[in-house]
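Let's take a friendly walk through this structure, moving from a strand pairing to an aromatic contact. Have the viewer open as you read.

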Amino acid sequence: MVVRTYAPRGQTPILKEFLSYKHLSLIGAVTPQGRLFLTIYAHSITSREVVSFLGQLQRLIPGLLLVIWDGIPTHRSKIVKAYLAAGAAKRIHLEQLPGYAPDLNPTEWVWSYLKIADLPNIACDHLPELEVLIQNAKRRMQRRPAMIQAFVRD
């Protein structure tokens, strides 16, 4: 990588980069009415978190649920299938998006908006700082249902 620095001419600058395997994972859902549901985890999302999130959606949204999602392995796991077979399938109908078209997923538009428009150029040294910024961005987006509806329409 080549970058411009303010090092004196003839002296090679030393750029220090902080590397960490720690990360935040987000799972989310949007409704045609413009509601946003978002949960943040300080680890990779497993099938158990997917089942927990589906249960949360069932508690918060009355009636039948149509869940349109991509085909990542956690969505197709035995744990998720067992959860649906145990009775959740009475209220939840799953549709899988084609793997070649991630832009059909309105939640991907939410992620893009958060990264590009709401939280650009954010550099946090600690994950709790980033989590607070994401929670605040989520609240701002939840107050803009028309924008979420536009993501669903698009």
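Start with leucine 26, whose bridge partner in strand S2 is isoleucine 40. Keep in mind that this is a predicted model.

Now follow S2 itself. In a regular strand, side chains alternate between the two faces of the sheet. Here, Leu36, Leu38 and Ile40 point one way from S2, while Phe37, Thr39 and Tyr41 point the other way. Which of these residues are buried? All of them are, on either side. Because six of the six residues of S2 (residues 36-41) are buried, the strand is largely enclosed by the rest of the structure.

Next, turn to the aromatic rings. The structure holds one aromatic pair. Its members are tyrosine 113 and phenylalanine 151, with 6.3 Å from centre to centre and 50° between the planes, a tilted arrangement. The pair links distant parts of the chain, as tyrosine 113 lies in helix H3 (residues 106-118) and phenylalanine 151 in helix H5 (residues 145-153), 38 residues apart.

Are the two partners buried or partly exposed? The cut-off for buried is under 20% relative accessible area. Phenylalanine 151 has a relative accessible area of 12%, so it is buried. Tyrosine 113 has 22% relative accessibility and therefore counts as partly exposed.

Terms used
Residues numbered from 1 in each chain as written. Predicted model: local features only at pLDDT ≥ 70, side-chain atom pairs only at ≥ 80, totals over all residues. Heavy atoms only, no water. Phe/Tyr/Trp six-rings, centres within 6.5 Å; stacked < 30°, edge-to-face > 60°. Helix = DSSP H or I, 4+ residues; strand = E, 2+ residues; numbered from the N terminus. Buried < 20%, exposed > 50% of the residue type's maximum accessible area, 1.4 Å probe, protein only. Pairing = 2+ DSSP bridges.
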